[in-house]
Amino acid sequence: MSKIVGIDLGTTNSLVATVDSGIPYVIADASGRRLTPSVVHLGAAGQPVVGFEANRARALHPRETVYSVKRFMGRRGADIPREDMLVTYPVQGTGAGPVTIPVRGREWTPEEVSAEILRKLKTDAETALGVEVTRAVITVPAYFNDAQRHATIRAGELAGLKVERIINEPTAAALAYGLNKLQDQSKIAVFDLGGGTFDLTLLELNQGVFQVLSTHGNTRLGGDDLDTRLTEFLAVKIHEAGGPDLRRFGAAFRGGEAEAAPTPEDLQRIARVREAAEKSKISLSLETLTDVTLPFLTPQFSFRYQLSRSELEALTRDILLRTRTHCLQALADAKVDASQLDQVVLVGGQTRMPLVRALVTEWFGCREFEESRGDVRLGEDYHRPSGPLLNTGVNPDEAVALGAAIQAEILSGGMTNLLLLDVTPLSLGIETFGGLMNVIIPRNSTIPVKAGEVFTTAVDRQRSMLIHVLQGERERARDNWSLGRFDLDFEEAPKGVPRVGVQFEIDANGILHVLARDLKTGHQRIVDMKSAVDVSDADVQKMIEESVEHAFDDLKARQWIEAKVRAGETLAATRKGLAEHGAELDEAYRRRVETAMQAVEAALETEESRTRVGDAARLKGANQGLDEATLQLAELMMDRAMEEMLRKQGMIQ
């Protein structure tokens, strides 16, 4: 039988995931990107364009580019409020009739547009797995009605997929977080704030099955609203700085009809400002300050503004506060008090925002996990402090897709319940590029346990990967205990292309079995290590004390190594771009880029010895400077790549 994959068909982004050797992971496309924008460009010739390329076409051809189509799935014209119709492409539907999208002489249904997204994910999965994919588990919001669920199944069928099961997004997220290992009667709140929608779902676990107690949300409340608010703010700043007046097209920021008709050039400027707003918002989840840079917004005007996290929070706080009403309503509907919850799980990319996490912590009285990966396996004699755990242990963008993949594996018979016997005293992982330890099984995980991740190469033409197995709590590999090493051979390929799944399994006897598999060829090695549990209490205590004692230095070392790796990648990409497109750039701009490269190279030289890390802050600043300096070069490279893609598809001469 063919492989069953898990698919998160999202409003803003969609993902496809699978499980290999017990390892759930999101499948990347040919360019290594795991997220696929849920955008479809219906061009004049050739097949519809889906994903990142369609997103770029959205600014140039707004009436032929469909986005947020999930909002129209399975709905009648009378069901859709006028504000939902305010998109840049035409939408028709009245009374009990279905919604259609008339583009280029054809009336597309939302299911047909969604099928194009699913077809792209299906193709990506087949390319990565090397087998035909005809079966899928697809997720939907918990509040989707029967018609919307049937529409999702229909979209899958149009894409050539047999939809084995429709699973609620909160349930999928709970599976990805491993919450099915909690005690019966455990109550979980899934706070899902994505790009276009928000919902709060309360679940209760009974005999391994999640029951939805209540759900409440808003189909027009999400990260897109924050992007719009920030875009409008930047439009004001651009005008105050002497730039073009984009404020009069304010409705266009929200996908509606502007007071003044924007020209194609205006639409492109609006798209650039919105893209910069989104990038700045994402950056401020990690940094407290970020530079918004828009070179040559007009031939005579370039814009730069330093945006702070506090400014963003002040601008968007009222939008985020609107989620609280839905949280209170969901709790009231379920007749559950926040103090009765065991966990609050964060799902959706917008939950990375520190203000979102702070508000959720305040509203639900949450406490942070004791372990970075989350203490989800609570024993019967466990007495926790008051307040639910705030669970952030899984990538919020990928949680739903990973859960769908786990459900698919369960349907395939590949996953069964495990007997819980013991715990791992120290974390287990492998050494990764730069000399860091990547934890695969965290400390205090109950055994038997199986976990894994997928890795790739960092060097061109690499023919093998060294699997260096480690145990300990330190950030750098050399500060942890080495349990063993072995090599896995694979075909020579450019860096980032090989996919190697590494799975750790600790059996009931505490023996660690390490599997490494080339996901392209299936070639694998399985090596048994020494006991991962039989460690003296004194050694465990010593390792934990060292990890606490050196926590600050270890963090500085990780920051330096990560910045160093990023610097190497950016320098290589910049040199390649200059070699291929340097002739199209003026001499002054080339000198600016070369100066920025020299600053990065000088910062790299601050690493003085094996025991002393370099100046991470200086290197991060130099990296940021190079990013800003290469904006024009990056746009040129993307434009040329887009032109080549469109030329191959016959859309341009």
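Analyst: We start with one cut-off: buried means under 20% relative accessible area, and exposed means over 50%. Keep in mind that this is a predicted model.

User: Why is Glu-169 called buried?

Analyst: Its relative accessibility is 6%. The cut-off for buried is under 20%. So Glu-169 counts as buried. Glu-169 lies in helix α5, residues 169–176.

User: What does Glu-169 touch, not counting residues up to four places away in sequence?

Analyst: Glu-169 touches Asp-8, Lys-70, Thr-139, Val-140, Pro-141, Asp-192 and Val-400.

User: Why is Lys-335 called exposed?

Analyst: Lys-335 has a relative accessible area of 75%. Exposed means over 50%. Therefore Lys-335 is exposed. Lys-335 sits in the loop between α9 and β17 (343–347).

User: What makes the phi of Lys-335 worth a remark?

Analyst: The phi is positive, about 55°, although Lys-335 is not a glycine. Most residues other than glycine have a negative phi. Phe-296 also has a positive phi, of about 50°, and is not a glycine. Phe-296 belongs to strand β15, residues 289–298.

User: Why is Phe-296 called partly exposed?

Analyst: Its relative accessibility is 49%.

User: What is known of the length and the kink of α9?

Analyst: Helix α9 (residues 309–334) has 26 residues. From first C-alpha to last, α9 reaches 35 Å, close to the 38 Å expected at 1.5 Å a residue. A kink of about 55° is centred on Thr-316. Buried residues of α9 include Leu-312, Thr-316, Leu-320 and Ala-334.

User: What makes β6 and β7 edge strands?

Analyst: The sheet is open, with three strands in the order β6-β5-β7 and antiparallel pairing. The strands β6 (49–50) and β7 (65–67) each pair on one side only. That is what an edge strand does here.

User: How do you know that β5 and β7 pair?

Analyst: Pairing needs at least two bridges. Three bridges join β5 (residues 39–41) to β7. So the two strands meet the cut-off of at least two bridges. Val-39 stands opposite Tyr-67 in β7.

User: Which residues touch the most other members of the largest nonpolar core?

Analyst: They are Val-5, Ile-7, Tyr-89, Ile-101, Leu-118 and Ile-138, in a core of 50 residues. Helix α3 (residues 110–129) gives the most to this core, with seven residues. Another core, of 47 residues, lies apart and includes Leu-193 and Phe-303.

How values were computed
Residues are numbered from 1 along each chain as its sequence is written. This is a predicted model: local features need pLDDT of at least 70, side-chain atom pairs count only at pLDDT 80 or more; totals for chains, interfaces and linings use all residues. Side-chain values use heavy atoms; hydrogens and water are left out. A nonpolar core is a set of buried Ala, Val, Leu, Ile, Met, Phe, Trp, Tyr and Cys residues joined through side-chain atoms within 4.5 Å. Buried means under 20% relative accessible area, exposed over 50%, partly exposed in between (1.4 Å probe, protein chains only). Helices (H or I, at least four residues) and strands (E, at least two) are DSSP runs, numbered from the N terminus. Contact means heavy atoms within 4.5 Å. The expected span of a helix is 1.5 Å times one less than its number of residues. The bend at a residue is the angle between axes fitted to the seven residues ending there and the seven starting there.
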